[in-house]
Amino acid sequence: MNTGIAAVSDGVAQGRDELVHAAVKRYAGWSVQVMAWLAIGLLALPAGAQVSFERRPVTNEAWLQPFPAHRIIGDVYYVGTYDLAAFLITTPAGHILINTGVYDSADMIRTSMETLGFDFDDIEIVLTTQAHWDHVADIAEIKRRTGARFFAHEGDVPVLEDGGNTDFRFPEGRGVIFEPVTVDRVLQHGDTIELGGTVLTLHHHPGHTKGASSFTFDTEDGGRTYSVLVVNMASINAGVELLNSPGYPEIAADYAATFAAQKALSADVWVSSHGRHFDLYDKFTPGDSYDPQRFIDPQGYRAKIEEYEQLYLTQLEAERAQQTH
Ligand SMILES: [Zn+2]
């Protein structure tokens, strides 16, 4: 469990222990104890300890609101919250998890997996579609608890490993807003991730973040093979300027290339990083029984990509008009 102020490992040095115990003894009380833990966090932490980060308030209720874990198709399951999608791909050699949620989502994912009859400790590989805190904040915790390895596209590696500080939107530094997480394997476009006979291919779809990624693979159901696409929608965060992003000068061209690449992809089943990005609530209502046809929607995919492309083109046009005036 992260305190968010400064998480502390078991290996606190003896001297600090004494300091804390003395303080707690002198001024027994809740707030003093909290201050004592804070004091520990301000001192250097032993090797292997969690790195402290600045916990931001989570104001989006839909990020935290629970949503029933359910089977999407074949070996693919939804284990996220109402809006923050997390996908579990099960294999005989352990499982692949794509995305966590925001802070403390490890417990939610564990519960979702248990509901489905899977063991949290069997997560072997963690992937992400984009290095924003609402999808990666608990990856470090999940690695610690399960021993899983974390793979990410090279474009997102710096911002993952510094806890969001080098987010291109904040050229002066955003601050460390989630626990920095070590990337165990650096991926590039076209790389494959293999586990227990399942092979995922990474598609680099930059723009939303520099290393934004989608994944394609096949899954079996009822004797049939279905193609699956976990796509990161190329949405543009509020405040991001396509023609004026000093931290990411090639952003407009990257978005354009991503829309072209995404339009060239197709799949029987597609899902995305946010529930609303793939019309989850139209496709699945809590209590619905499993139906492999439920998420088959190639037309919906094409329409959704074009919807985001139109938003991009409209913004680009507005920025250009602004520049010429
Ligand atoms: Zn994002």
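Trainee: Which strands make up the open sheet, and in what order?
Mentor: Strands here are DSSP runs of E, at least two residues long, numbered from the N terminus. Two strands pair if DSSP finds at least two bridges between them. The open sheet has 5 strands in the order β8-β9-β10-β11-β12, with mixed pairing.

Trainee: Which strands stand at the edges?
Mentor: β8 and β12 (269-272) do. Each has a single partner strand, so one side of each lacks a neighbour in the sheet. From one strand to the next, the twist averages 25 degrees. Axes are lines fitted to C-alpha atoms, and angles run from 0 to 180 degrees between N-to-C directions.

Trainee: What should I know about the model and its numbering?
Mentor: The model is predicted: local features need pLDDT of at least 70, side-chain atom pairs count only at pLDDT 80 or more, and totals for chains, interfaces and linings use all residues. Residues are numbered from 1 along each chain as its sequence is written.

Trainee: Do β8 and β9 run parallel or antiparallel?
Mentor: Antiparallel, with 4 bridges joining β8 (residues 192-195) to β9 (residues 198-204). Isoleucine 193 stands opposite leucine 200 in β9. Their hairpin has 2 residues between the strands, and glycine 196 takes a positive phi near 50 degrees.

Trainee: In which sense do β11 and β12 pair?
Mentor: β11 (residues 224-231) pairs with β12 in the parallel sense, over 4 bridges. Valine 228 stands opposite valine 269 in β12.

Trainee: How much of the protein chain is buried?
Mentor: A residue is buried if 20 or more other C-beta atoms, placed from the backbone, lie within 10 Å of its own. Buried residues make up 41% of the 325 residues.

Definitions and conventions
Buried ≥ 20, exposed ≤ 12 C-beta atoms within 10 Å, placed from the backbone.
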